[in-house]
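My entries follow in the order in which I made them.

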Amino acid sequence: MTNAKRAALLPVSFFRRSAEVVARELIGAVMVSEVRGVRTAGRIVEVEAYLGQSDPASHGYQNRRHAQNEGLYGLPGNWYVYLSYGVHWCANLVAGRTPNEGAVLIRALEPLEGLQAMRRRRGGVGDRILAAGPGRLTQALGVTRSLDRWPMRGALVQVYRGEPLAPPVATPRIGITRAVEWPLRFVEGGTRWASRSG
């Protein structure tokens, strides 16, 4: 995969917009990891927007603030990485112009580069599910809490411009219990690499 090397790294200004806009426009972008000297990459095909203090499903709802969600209060374009259900790391990019305005959860990738490393990290699962889910993709790319609060542009995991192969489709978010019906999950139309079809 050579596109990530030639494509432009997303600027900080890309993230100084609402999480909903950023989420939609991240579809098709390429996420590249150089963790532990191993290069892996994938096209973003599924994301979810979270709207910070006004979103009941956000970790920062009503401006709750503690050591585990401090990344949400960082600068636009910073990583926010948290542990889900005590098992899986989930990678988000902070969005908006003010602290805790929003973040975008990266939910699924189409694997492009470093598939051998991804397969090894994921225990030999089939390629279709190497990075189909927020915990699966962080495992495939070697992402851990150590990425939390890093500016994306200076981190070992970066995101480059790309284009969706088909227009993104908006659906309700999944895997949450509050504000489930908000149509803030965006999936590349027709992709087979998403975490699930609905």
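I took helices (H or I, at least four residues) and strands (E, at least two) as DSSP runs, numbered from the N terminus. The model is predicted, so I note that local features need pLDDT of at least 70, side-chain atom pairs count only at pLDDT 80 or more, and totals for chains, interfaces and linings use all residues. Residues are numbered from 1 along each chain as its sequence is written, and side-chain values use heavy atoms, with hydrogens and water left out.

**Entry 1: the largest pocket**

I recorded that 29 residues line the largest pocket, with Y82, S84, Y85, G175 and I176 nearest its centre. On a 1 Å grid over the protein atoms alone, a pocket is an open set of points where a 1.4 Å probe fits, with protein on both sides within 12 Å along at least five of seven lines; lining residues have an atom within 4 Å of a point. Elements that give two or more residues to this lining are β2 (40-50), β3 (79-84), β4 (88-95), β5 (102-113) and α5 (134-141). I found that β3 gives the most, with 4 residues.

**Entry 2: R145**

I located R145 in the loop between α5 and β6 (157-160). Is R145 buried, exposed or partly exposed? R145 is partly exposed because its relative accessible area is 21%, and that class lies between buried (under 20%) and exposed (over 50%), with a 1.4 Å probe and protein chains only. I noted that R145 and W79 are 66 residues apart in sequence and 9.7 Å apart in space, C-alpha to C-alpha.
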